[in-house]
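Student: I am new to this structure. Please take one part of it and describe that part closely, along with what surrounds it.

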Amino acid sequence: MLELREINKSFQTPEGDIEAVKNVSFRVEPGEIYGLIGLSGAGKSTLIRCINMLERPDSGKVFFEGVDLTLLSPPELRAKRQQIGMIFQHFNLFAQKTVRDNISYPLELQGKSKAEIAHRVEELLGFVELSDKVKAYPSELSGGQKQRVAIARALATSPKLLLSDEGTSALDPATSILILDLLRKTVDELKISIVMITHQMEVARRICDRIAVMEDGQIIEENTVRELFLEPKHPRTVALIRSLDEERPLSQLGAFVKANVYRLGFSGSEVARPLISELSRKFELDINLLAGDINILQDEQLGWLAVSFSEEDPAKIAEALAYLRSMNVHIKKIEAEDGEELLASQTNSIVGGR
Amino acid sequence: MGDYLQGLNETLVMVGVSSFFSIAIGLPLGIVLVLTHPDGIASRPRLYRIMDVIINLFRSFPFIILIVVFRPLSELLTGRSSGTPAMTVSLTLSAIPFIARIMETSINEVGTGVIEAALAMGTSIPRLITKVLVPESLPALIKGMTTTVINIIGYSAMAGVVGGGGLGDLAIRWGLYNRHTEKLVVAVLMIVALVQIVQLLGNALSRAIDHR
Ligand SMILES: Nc1ncnc2c1ncn2[C@@H]1O[C@H](COP(=O)(O)OP(=O)(O)OP(=O)(O)O)[C@@H](O)[C@H]1O
Ligand SMILES: [Mg+2]
């Protein structure tokens, strides 16, 4: 469906060249939602804009349905763009057009008949629950409502691919869940694809199938949502998802960090199991619970616990950990410097964040 | 009474015709400026720079000088080097750069985001102009054109000095030089009223269609 191959993009500025995207490749399959996360300035927007040629890559290829978009003539590219919807962070609605005319616009480009357009607009407005606002102008809408109009406009032509740059960030939690679930349903039913940038881990976790983490113009980690949240590999990923995931960073657990602290990741049925008391009984260990949470993924639950063992005998702990591993629990030892690293990257993400 | 009516008529013709033609020529020129701007969608930096310099040049000349500069051209187009038709040509030519600039700044106010959204949907450049750039910038455009028409009214009064006809001519030649004070006062009041009407209409129209 969509494949990017070795995309490079740099900007010339008076202060020198900025390499915004460096050698990025990825694929998105039909029916898949692909998330892009990363700190501010990582190059996410530049990358997503390279997909529909709003930004021309300096080198590399963008295959959409087998066609390399970088090679197309202007009319050919326009035709392809009509099959790629885009939602922008700042909505970019036409201020002098009503909600109806905003949503009609892409359909008019396709030369659809008046009746067809009217029908489709009604359908879309129902979809984003804004039927009472057909005649309103964008200035009369709230941020979340504008975003919903933008989503309706992007979906109007039933695009095969939807690009979303922070396209759901202005929605309130309830609407956000509603829209995200509707997007998920659309993707599943029509086998379209979505590439979405988000700063909200809740969003990424809820609807993405796979996630790529960007830093300094590169993808530093790419994985299924499940694996990424269960076992993030790169320290930046850890910082990004933990900073939102774990209210209190493990490093702030202070004195405990020096002791035997472990992060235990559970998935599926283990979430509901009384593993800790089981462990405590079986190995006669005193287990200290430090922090924990359960996160809801699309169709499963992921839980994690930070625990410390009040036990001096390393063999006994090793035994307990081996048992946990056999139960498919992901184990990560929290080291002192690991804690510092966590703390450091967290500060960065606050400073560098929006 | 006949003097006033004739003066008003000449002024209206001068202002109306030159407004019409300067807008008809200035607006497309402004669009070309936007498109060819170094950061524009059809960027032609060299062409932009040349037009930019010419426009600034003509905008910085006093109107009286422009009348002289355009005299040969006016004569070519109207067969006379003075009088209302010749003055209309000069007015038109001097208003074009203003209108072009107003079009350019009005469109720039639309914002790159909206233009990008339109392009991302697969909009062609002609369509972008007619369906996005012009409708989105229309309120600002009308405000700017109102100012330009008012400037044209002012210039048309000045044209009286060189025998261009109209209310300005009446005020200066009869009122000032021949000491018919009441003609001066009435002609000036008529010009003021004309400016007010244009201003009010322009503002009202701009506000009525602005949904921002
Ligand atoms: N048009 C441009 N000209 C010059 N530099 C640019 C341009 N667009 C982006 N950049 C630079 O490229 C880098 C990546 O920017 P980009 O907007 O892609 O980041 P991002 O990951 O989307 O950040 P955010 O999360 O804040 O939206 C930044 O250093 C930015 O300053
Ligand atoms: Mg961005």
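**A core residue and its surroundings**

Tutor: A:Ile51 touches A:Leu2, A:Leu4, A:Phe26, A:Val62, A:Leu69, A:Leu161, A:Leu163 and A:Val195, leaving aside residues up to four places away in sequence (contact means heavy atoms within 4.5 Å). The model is predicted, so local features need pLDDT of at least 70 and side-chain atom pairs pLDDT 80 or more, while totals for chains, interfaces and linings use all residues. Residues are numbered from 1 along each chain as written, chains are lettered from A and ligands numbered from 1 in written order, and side-chain values use heavy atoms, without hydrogens or water.

A:Ile51, A:Leu2, A:Phe26 and A:Val195 have the most contacts inside the largest nonpolar core, which has 56 residues. Such a core joins buried Ala, Val, Leu, Ile, Met, Phe, Trp, Tyr and Cys through side-chain atoms within 4.5 Å; buried is under 20% relative accessible area, exposed over 50%, partly exposed in between (1.4 Å probe, protein chains only). Another core, of 48 residues, lies apart from it and includes A:Val121 and A:Leu180.

Charged side chains also pair up: A:Glu3 forms a salt bridge with A:Arg27 (3.4 Å, N to O), a Lys or Arg side-chain nitrogen within 4 Å of an Asp or Glu carboxyl oxygen. This pair links strand S1 (residues 2–13) to strand S2 (residues 16–28) of chain A, 24 residues apart. A:Arg27 is partly exposed, at 40%, whereas A:Glu3 is buried, at 18%.

Conventions
Helices (H or I, at least four residues) and strands (E, at least two) are DSSP runs, numbered from the N terminus.
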